[in-house]
Amino acid sequence: MRGGSVAGWILVAFVLVGAFPLVTGCYQYLLVIVHFTRLHYRKCGPWLPRTAVLIPAWNEGAVIGTSIDRLMRLDYPRDALRIYVVDDASTDDTPDVVLAKAEQYPGSVHHLRREHGGEGKAATLNHGLATIMADDWMQALLIMDADVVYERTSLRAMTRHLADPRIGAVTGYIQEGSRPGNYMTRFIAYEYVTAQAAARRAQNVIGALACLAGGAQLHSRANLAAIGGRIDTGTLAEDTVSTFRTQLAGRRVLFEPHAKVWAEEPGSIAALWKQRLRWARGNVQVTWLFRKVWFRPARAHRLGSISFGAIWFSVFLLPVTLLVSCAALIALYFVDNSLSYSAFRALWIINVITYVFLVSYTLLIDPQAGRRCWRQGVLFPGVVSLLIMATVLFSVQMHWLLRIGLNDVGLTYGVSARQAELLFSYVWLTASMGVAYLAKVVERDTGPGRYLSRGLLYLAGYGSLLCAITLAAYLKELRHAEATWEKTDKVGKIGVPG
Amino acid sequence: MGEDRQSRQDRRAGLTGYDDQAEIRNAVSYERVLAAKALIPLLMVGLVIVIFRAIHG
């Protein structure tokens, strides 16, 4: 080893920290391949338990009536289904709509009113749970959001798993359902294939689920009793806490990919930021709350397995890994320029391989979603990152193009231009988070801001936006900022058959 | 859960085209096809590696 290169190789190790989320992403997708070997169907039964559907609702007048109608059209025995809408002191026509539906479906729809609301979703759910648990009619509880739409067979696809008493809870496959939608909802649609259809299949294989989707969580009565009969109110991620507590109590949680549920998702960066900041802050709280679980394998559950911990922290620490990797690259640039380029190239080759594998498999996992959002899938890392990947792969050709481009505007591609290009590439993974944040800042409903923010987001990438939100969540939690429940506005845009 | 078999069968009888076993067969088949589909992205990764090696030696 050359003199002075020890520091260089330590920095290379830090650069390659940036590959941790990429390798973990590939690992998850490799688990998807073997999902068919770990299916739970052999232990299922045609089980149609008496199911209470619990819907928290605050000012959901625009969507709640349709949701109730769709629930009543589910292919599920009418006498085994009761809907409880917990109206969290709504100020719109939610009570009138629900009461009208209670008259239309006597005995099936129940309106529960909280006169003093605004305490968050968990408190609203607990109000309904107290009523539902008070008698022994309910055998299973489905918690859903007011706007989500279940496909006709989805509920019974979930309940059949509860025939196995070792299963405590089941979640469905949430898909983005806004129609006609826009670029943002299509990014989310793509993200949901990766984060739900793929990641949750992988978690089925591992035997530990990270989160029951808030809009589609089915619990057995025994499981609810085992976790205290209440939903946690101490964090912003009550669904994740229920998921963890179920597994820590010794029951399994399953993802049923064939129980499809459609949800209306944010159509703007600002709305997405608000929603995801809440989720990300919830994840920070959950990571701390269950700090004694991580990387401590146990007989009763798989939450402490190395695989599950690696997957959880690869997402949770994503902004940190990017910052560390970029900082190490810059330091290496000044310590050993040639080694810095080798480390950079290695990191981005892993990036290219991950990108090709993940994007192509994602589009095949859910071809219906893939047809709708393939452009957003291809552009998910952002245009600049794609150019860096192309430069790493086709270095000579890309630099030839760059030279021609610069010559056309009267500039030359000399040593200083080359160094500037390298430094830009080195810091991009971190800088992209700043550009994504800028896209949020300049966003407007109309005029140039609308196109500018969209252009910036395509440059930075949707992934960078999610990283920026996670970073903002760290900062909010470090500052102990007030944790308020801010509901995502829903207007009833779901346009899929339910 | 304390319910007799007859009651469960009555509930199922009220559903349209309910065939639990057929639904499960379809789901299992989908998962197997999904595994087979992984060959395509794996081949694409192989292609990228071949191209990279061809260019960079």
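**Exercise 1.** Find the element that holds Met158(A) and determine whether Met158(A) is buried or exposed.

*Solution.* Met158(A) lies in helix α6 (residues 154-159) of chain A; helices here are DSSP runs of H or I with at least four residues, strands are runs of E with at least two, and both are numbered from the N terminus. The model is predicted, so local features need pLDDT of at least 70 and side-chain atom pairs pLDDT 80 or more, while totals for chains, interfaces and linings use all residues. Residues are numbered from 1 along each chain as its sequence is written, chains are lettered from A and ligands numbered from 1 in the order in which they are written, and side-chain values use heavy atoms, without hydrogens and water.

Next, take the accessibility. Met158(A) has 0% relative accessibility and counts as buried (buried is under 20% relative accessible area, exposed over 50%, partly exposed in between, with a 1.4 Å probe and protein chains only).

Then list the contacts (heavy atoms within 4.5 Å). Leaving out residues up to four places away in sequence, Met158(A) touches Leu142(A), Tyr150(A), Val170(A), Thr171(A), Gly172(A), Ala216(A), Leu218(A) and Ala259(A).

**Exercise 2.** Determine which residues of helix α1 (residues 5-15) of chain A are buried and what covers them.

*Solution.* The buried residues of this helix are Ser5(A), Gly8(A), Leu11(A), Val12(A) and Val15(A). They lie on the same side of α1(A), because their arc around the axis is only 110°; the arc is taken from the directions from the helix axis to the C-beta atoms. The general rule is that an α-helix has 3.6 residues a turn, so residues three or four places apart point the same way. The cover of these buried residues includes α12 (318-335) and α13 (337-365) of chain A.

**Exercise 3.** Describe the make-up of chain B and check the span of its helix α2 (residues 20-37).

*Solution.* Chain B has 3 helices and 0 strands, in the order α-α-α from the N terminus. Of its 57 residues, 33% count as buried.

For the span, multiply 1.5 Å by one less than the number of residues. With 18 residues, α2(B) should span 26 Å, and its end C-alpha atoms are 26 Å apart, which agrees. Among the buried residues of α2(B) are Ile24(B), Ala27(B), Val28(B), Glu31(B) and Leu34(B).

**Exercise 4.** Locate Leu47(B) and determine whether Leu47(B) is buried or exposed.

*Solution.* Leu47(B) sits in helix α3 (residues 39-56) of chain B. Its relative accessible area is 52%, so Leu47(B) is exposed.
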